[in-house]
Amino acid sequence: MPELPEVEVVRRGLQHSLPGRTVRAAQVREPRLRWPVPEDLDARLSGRVLRSIERRGKYLLLRFDHGALIVHLGMSGSFRFEPLARPPSRHDHVDLLFEHGTLRYRDPRRFGAMLWHDAAQGPAAAHPLLAGLGVEPLSSAFDGAMLYRATRGRRVSIKQALLSGAIVVGVGNIYASESLFRAGIRPTTPAHRVGRGRCERLAEAIRATLSDAIARGGSSLRDFVASDGASGCFQLDCYVYGRAGEPCRVCGEPVRSLRQTQRSTFFCAHCQR
Ligand SMILES: [Zn+2]
């Protein structure tokens, strides 16, 4: 499943070649994604200039003057920009045709989404899918003080608090595990027991882990294709994620794993307290 860094890599790739360009046509070959793709997409977008591509959590917002196309890649969605479009294959569900090429949305499992939000309905940030999201981890609104405040009174584990998305968006299983290792915090620690200094270290670790992953071109275990068609290279050189039984890269003790609310958690019992 594409995580925040992958989506950000896609955004940067598309932001490079698309803003300022006019949509010539939209072709919806298969509207049955997680929710139906609007049937009138062609009428809505033809002749309109794509202004910018933004990201909110794991949603991409393709902004036009009259609204925004809100896209979620789901489990297996990807964008590819093809200067000379090839004949579409079975899982290529939507094309946006520009004068200089085709932006093609592919999604074998069809858990993704592509929805239109009209400017007449207000700002896209108020869309029901976006309105309840936590803060962006790479924005200035996210820091140790904010994380400290937001975790007071929360008795769930610190890892669950991160994964929930209600405090901070886009910290999926890999990045939560890695950030908690970098901050030296045991994933099972109740969120409200993580003190001020440790919240500072954790917020910094989250920013650093996500930034590293973005710099390395995003990361995912499967199904990820960056916007230029090149495979995203995972391999964040994980400290703990997926390394149960292998020696900790810092102290040499075996990395441990356990299940936390149906998700695998990896940690070093020596380095994380
Ligand atoms: Zn260790």
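**Core and zinc site in a predicted model**

Q: In this predicted model, what is Leu202 in contact with, leaving aside its neighbours within four places in sequence?
A: Its partners are Leu147, Ile158, Leu162, Ser179, Leu180, Ala183 and Ile185. Contact here means heavy atoms within 4.5 Å.

Q: What makes Leu202 stand out in the largest nonpolar core?
A: This core has 34 residues, and Leu147, Leu162 and Leu202 touch the most other members. Two or more residues each come from α4 (144-151), α5 (158-163), α6 (173-183) and α7 (196-215). The largest share, seven residues, is from α7. A second, separate core holds 27 residues, including Leu18, Ala26, Phe98 and Met114.

Q: Which atoms coordinate the zinc ion?
A: They are the SG atoms of Cys248, Cys251, Cys268 and Cys271, at 2.2 to 2.4 Å.

Q: Why is the site of the zinc ion called tetrahedral?
A: Its four donor atoms make angles of 97 to 114°. The label needs all angles between 85 and 135 degrees, so the site qualifies.

Q: How are the donors of the zinc ion spaced along the chain?
A: They follow C-x2-C-x16-C-x2-C. Cys251 lies in the loop between α7 and β9 (256-260), and Cys268 in the segment after β10 (263-267), so this pair ties together parts 17 residues apart in sequence.

Q: Why does Cys251 count as partly exposed?
A: Its relative accessibility is 29%. That falls between the 20% and 50% limits, so partly exposed is the class.

Q: Is Cys268 buried or exposed?
A: Cys268 has a relative accessible area of 0%. Buried means under 20%, so Cys268 is buried.

Key. Residues numbered from 1 in each chain as written. Predicted model: local features only at pLDDT ≥ 70, side-chain atom pairs only at ≥ 80, totals over all residues. Heavy atoms only, no water. Core = buried A, V, L, I, M, F, W, Y, C linked by side-chain atoms within 4.5 Å. Buried < 20%, exposed > 50% of the residue type's maximum accessible area, 1.4 Å probe, protein only. Helix = DSSP H or I, 4+ residues; strand = E, 2+ residues; numbered from the N terminus. Donors = N, O, S within 2.8 Å, 3.2 Å for Na, K, Ca; no water. Tetrahedral: all angles 85-135°; square planar, octahedral: opposite > 155°, others 65-115°.
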